[in-house]
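Hi,

Here is the two-chain model I promised to pass on. Have a look at it first, and my notes follow below.

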Amino acid sequence: MAVTKVVMPKLSEQMESGKIIKWLKKEGDRVQSGDILAEVETDKADVEMEAFGSGVLRKIVVPQGEKAPVGTLIGVIADENEDINALVSQAGGPAPATAAAKPATADRPAASAAKPAMADRPAAVPPQPKSEDHAARQPAPSRGPDSPGGARVQEAAAQQPAPGTPQPVPSGADGGRVKASPLARKIAAQSGVDLKLIHGSGPGGRIVRRDVEAAATSPAATAAPAAAPALRPVAPSVTGPEYEDVALSAMRATIAKRMPLSKAPVPHFYVTSEVAMDRAWELREELNGLEGQPKISVNDLIIRACALTLLHHPGVNASFQGESIRVYHRVHMGIAVALEEGLITPVLRDVHAKSLVQIAVEARDLAERARQRKLRAQELSGATFSISNLGMFDVRDFSAIINPPEGAILAVGSVRTVPVVTDQGLGVGRRMALTLSCDHRVMDGAMGARFLQDVKRLLEAPLRLLV
Amino acid sequence: MAANAKYDVVVVGTGPGGYVCAIRAAQLGLSVATVEDDRPGGVCLNWGCIPTKALLRNAEVVQLVEKAETFGISVQGMKADYAAAVQRSRGVADRMAKGVEFLFRKNKITLVPGTGTLKSKSVVEVRGKDGTTTLEAGRAVILATGSEPKSLPGVAIDEKTVISSNGAVRNEAKPKSIVVIGAGAVGVEFADVYRSYGVEVTLLEALPRIVPIEDEEVSTQLTRSLSRRGITIKTGVKVSAVKPLGASVVVETDGGRFEAEQVLMAVGRGARTKGVGLEALGVTLERGFVKVSPTMETSVKGVYAIGDMAGAPLLAHKAMAEGVVAAEAVAGKNPRPVDYGNVPSCTYCRPQVASIGLTESKAKEGGREVAVGKFPFTANGKAVALGETEGFIKVVADKKTGEILGVHIIGPEATEIIHEFAVGRTLEATVDEIMHTIHAHPTLSEAALEATLAALGQAIHI
């Protein structure tokens with residue numbers, strides 16, 4: 001009856017090709033629309049690719065471990081008796097982008113970046129836990145040694161959790177048994193809900209169907225805290241090879257390719273300001289003392305402050321378009337998350353319309369899933385402004401590279417306890433440095449400075465963040 | 001208004017809802033009084049579920065002896081004494097009622113005989129058979145007054161020629177012929193009992209099929225089975241009048257006249273809400289039933305209602321579940337509300353009928369894409385060995401998630417087999433978990449596995 005061409009989906013704005021990590025179906029397997037066919041490594045994440053047609057997986061065109069350009073035929077789903085020879089023999093040349101999986105067109109101008117790549121329909125429904133089948137999970141990136149006492153370390157790290165816990169969650173913590181009903185697991189797998197991020201309302205905290213259905217319509221409520229690695233002594237060596245060449249991961253290759261494209265053509269300038277964080281710190285402590293509230297991080301306060309301020313400084317929430325400057329009316333915030341093998345910037349959409357609690361919950365969910373490389377394709381593009389926070393590494397200040405076509409990025413340092421001069425003399429205060437990197441084609445120094453000043457005001461009188 | 005005793009809970013009515021509620025409350029350390037105008041156990045133990053099951057067992061024995069020849073056993077001079085069947089049934093009911101009395105004593109529950117009427121939200125007036133009244137006060141009052149048989153407009157039930165289940169379960173004399181109006185569980189079960197004892201039975205149903213709440217295929221199979229046993233079945237007929245005619249009675253319908261010695265009204269049951277004192281207190285009713293919250297509380301705080309009076313389905317096991325919820329709510333626990341979508345429904349005629357969840361057509365109406373698996377008992381070794389091959393198990397599953405949406409069983413021990421699926425649904429198991437559960441061989445329950453496999457397109461034995 002029907003033949004469904006399986007093509008390499010375009011899963012992010014920059015994706016040009018993808019690598020088949022693993023076919024989860026064999027030739028001859030019966031496939032239903034919605035089944036996970038394969039795991040694909042893109043430049044940004046490992047994602048699961050869903051079938052859009054039912055029938056038998058008749059042919060695997062691109063085998064496991066090989067790369068294929070976006071839009072290329074990688075397999076064919078058809079009825080048993082269907083003649084697919086013509087189709088398969090054509091393979092080799094890229095299939096038209098109008099193939100069954102409807103990937104976004106590859107030649108879409110970067111100018112339209114504000115529109116999420118897969119706004120209409122993601123070609124693959126990516127990040128899904130397959131809780132019953134740990135073995136089938138996408139291979140976790142290689143990670144350091146197990147981290148004994150990780151739980152204690154992670155509490156400290158959780159104070160500023162969002163971006164950049166240096167290593168992904170070890171699968172030990174990750175693979176801990178999630179109590180969930182079989183039906184809840186299936187619905188979660190089909191709707192892309194991560195069971196580890198939701199609370200069970202069933203007996204003994206078991207996750208049941210209603211929990212997953214609720215989570216599927218609203219972002220997950222609580223993120224499992226990420227474990228941080230413990231320091232391990234490295235024995236100094238004077239023997240053995242002097243160096244080794246490490247192959248670029250897809251993500252590292254993308255970063256290597258993309259960053260010069262930003263740094264060279266985009267004329268950066270930097271504005272730095274110091275923010276008194278004493279009141280924000282107290283507010284956060286007080287909020288986190290409330291029972292039943294999701295934990296608020298310093299980064300959440302900064303996200304909220306930036307989102308509110310950007311509404312008053314549309315010139316900063318803007319993008320250089322060659323002939324014009326596009327000023328956005330909505331704020332989609334890119335939040336840089338450090339991974340072991342690179343960096344990823346998931347996007348928190350319409351953050352200007354979200355409460356602090358919503359931001360906390362959603363940012364944590366994004367960061368958590370970024371570390372597990374389980375982000376959905378549409379969560380990886382479309383930011384209008386970004387934040388990068390290295391505060392948890394005891395960084396005083398730093399400057400970040402703009403992620404085009406965005407017009408600015410805010411680099412956040414740690415909150416430090418420092419001597420401060422007060423009316424009474426010398427006191428102790430909490431201070432944090434913010435550095436805004438701006439695209440000079442979009443804005444000027446004073447514009448960036450005024451924006452930063454308002455962010456600082458908000459953080460220093462933080463009650464407005466709550467309303 | 002002074003009350004002569006103060007309890008934590010006063011339960012009015014000791015049917016399956018009331019007595020379970022009282023025992024659960026006592027287990028939780030509450031002091032409990034119960035009010036009952038009949039024997040403890042209510043309709044279920046005394047006049048409904050239990051005595052009818054005793055009668056149906058008699059009917060089954062009669063049928064078995066009648067077909068003993070197929071087992072190579074010849075029986076001569078069999079005499080089936082209907083009066084003895086009723087007497088046995090009364091004995092069974094009596095024993096179960098005594099059981100409840102024993103449980104009350106064991107749990108130190110006070111039994112106050114008489115009819116209870118709410119005087120305030122915490123005081124129940126109990127009027128004894130001799131006309132004396134006492135007042136029982138409770139921190140909470142739980143109403144469990146049950147239901148009673150309904151009739152059709154203009155038709156009076158005299159329990160002689162026009163009888164309800166109340167009469168049917170008591171009368172030791174069987175009629176030569178009977179018209180049963182209503183082919184739900186009650187009508188079908190009595191039709192079975194009477195037919196087994198040689199009564200000419202005509203079964204009338206206003207809806208297009210018998211056991212109309214069950215899956216259509218089940219209705220079709222049951223129609224076939226009962227017709228084969230000589231029961232006349234007329235569906236889609238509306239009764240316009242029931243008139244006495246000499247020693248017999250005539251039922252006039254839009255599908256013809258039916259004459260018989262007796263008529264059994266089995267057109268449903270209505271809540272017993274009269275004389276309970278609901279109106280004066282302003283307890284809200286909805287379509288004749290008491291409106292309750294998920295913790296069984298009525299519109300009046302501290303007054304709870306459970307069981308048949310609190311709405312459909314009018315089933316003893318649903319009442320028991322509600323009794324537990326109400327008791328735990330009163331005790332300040334946070335009970336898990338009754339899952340009304342997961343109440344098994346059972347009819348104990350031969351072949352038995354049991355179901356849970358949605359019928360195939362209801363599941364489809366809900367917009368689900370369903371996978372249906374069916375397995376006949378003719379292909380089940382144990383059923384063949386028993387000589388009970390009528391019927392099948394039908395599993396309706398969600399095609400996408402494998403969720404068990406509904407299961408419909410007609411056949412031997414259907415009412416026991418259904419619980420595999422009840423547990424499965426409570427645990428949110430899917431067809432995969434049933435599939436991976438090893439079912440002992442040979443058992444009737446293997447048909448449950450096979451029907452599940454059939455839904456997956458993997459049945460082995462068919």
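Chain B has 14 helices and 24 strands, where helices (H or I, at least four residues) and strands (E, at least two) are DSSP runs, numbered from the N terminus. Of its 462 residues, 49% are buried; buried here means that 20 or more other C-beta atoms lie within 10 Å of a residue's own, exposed means 12 or fewer, and partly exposed is in between, with C-beta atoms placed from the backbone. Among the contacts in chain B with a separation of 6 or more, 65% are between residues 24 or more positions apart. A contact is a pair of residues whose C-beta atoms, placed from the backbone, lie within 7 Å.

Please keep in mind that this is a predicted model: local features need pLDDT of at least 70, side-chain atom pairs count only at pLDDT 80 or more, and totals for chains, interfaces and linings use all residues. Residues are numbered from 1 along each chain as its sequence is written, while chains are lettered from A and ligands numbered from 1 in the order in which they are written.

Chain A has 10 helices and 18 strands. Buried residues come to 46% of the 467 in chain A, and 71% of the chain A contacts with a separation of 6 or more join residues 24 or more positions apart.

Now to the sheet in chain B. Five of its strands make an open, parallel sheet in the order 8-15-9-10-11. Strand 8 (162-163) and strand 11 (232-235) of chain B are the edges, each pairing on one side only; strands count as paired if DSSP finds at least two bridges between them. Strand 10 (residues 200-205) of chain B runs parallel to strand 11 of chain B and is joined to it by four bridges. In this pair, B:L203 stands opposite B:I233 of strand 11. Helix 6 (residues 185-196) of chain B lies across strand 9 (177-181), strand 10 and strand 15 (262-265) of chain B, and runs at about 165 degrees to strand 10. For such angles, axes are lines fitted to C-alpha atoms, for helices over the stretch in contact, and the angles run from 0 to 180 degrees between N-to-C directions.

There is also a helix pair to look at in chain B. The axes of helix 3 (residues 49-66) and helix 4 (residues 82-106) of chain B come within 8 Å and cross at roughly 140 degrees. Helix 3 of chain B brings B:I50, B:P51, B:A54, B:L55 and B:N58 to the contact, and helix 4 of chain B brings B:A85, B:R88, B:S89, B:R90, B:V92, B:A93 and B:M96. By class, this contact has eight nonpolar, two polar and two charged residues. Ala, Val, Leu, Ile, Met, Phe, Trp, Tyr, Cys and Pro count as nonpolar, Asp, Glu, Lys and Arg as charged, and the others, Gly among them, as polar.

Where do the two chains meet? The contact takes 10 residues from chain A and 10 residues from chain B. Helix 4 (residues 182-191) of chain A gives the most to the chain A side, with six residues. That side has five nonpolar, three polar and two charged residues. Helix 4 of chain A is mostly covered, with eight of its 10 residues buried, including A:R185 and A:K186. The buried residues of this helix pack against helix 5 (209-217) of chain A together with helix 13 of chain B. Just after helix 4 of chain A, A:G192 has a positive phi of about 75 degrees.

Finally, some backbone details. Most residues other than glycine have a negative phi, and most peptide bonds are trans. B:A312 and B:P313 are joined by a cis peptide bond with omega about -10 degrees, and B:P313 sits in the loop between strand 19 (303-305) and helix 9 (316-330) of chain B. The bond from B:H441 to B:P442 is cis as well, with omega near -5 degrees; B:P442 is in the loop between helix 13 (431-435) and helix 14 (446-455) of chain B. B:R287, not a glycine, has a positive phi of about 50 degrees, and counts as exposed because it has 8 C-beta neighbours inside 10 Å. B:M296 has a positive phi near 75 degrees, but counts as buried, with 30 C-beta neighbours inside 10 Å.

Best wishes

Key. Two residues are in contact if their C-beta atoms, placed from the backbone, lie within 7 Å.
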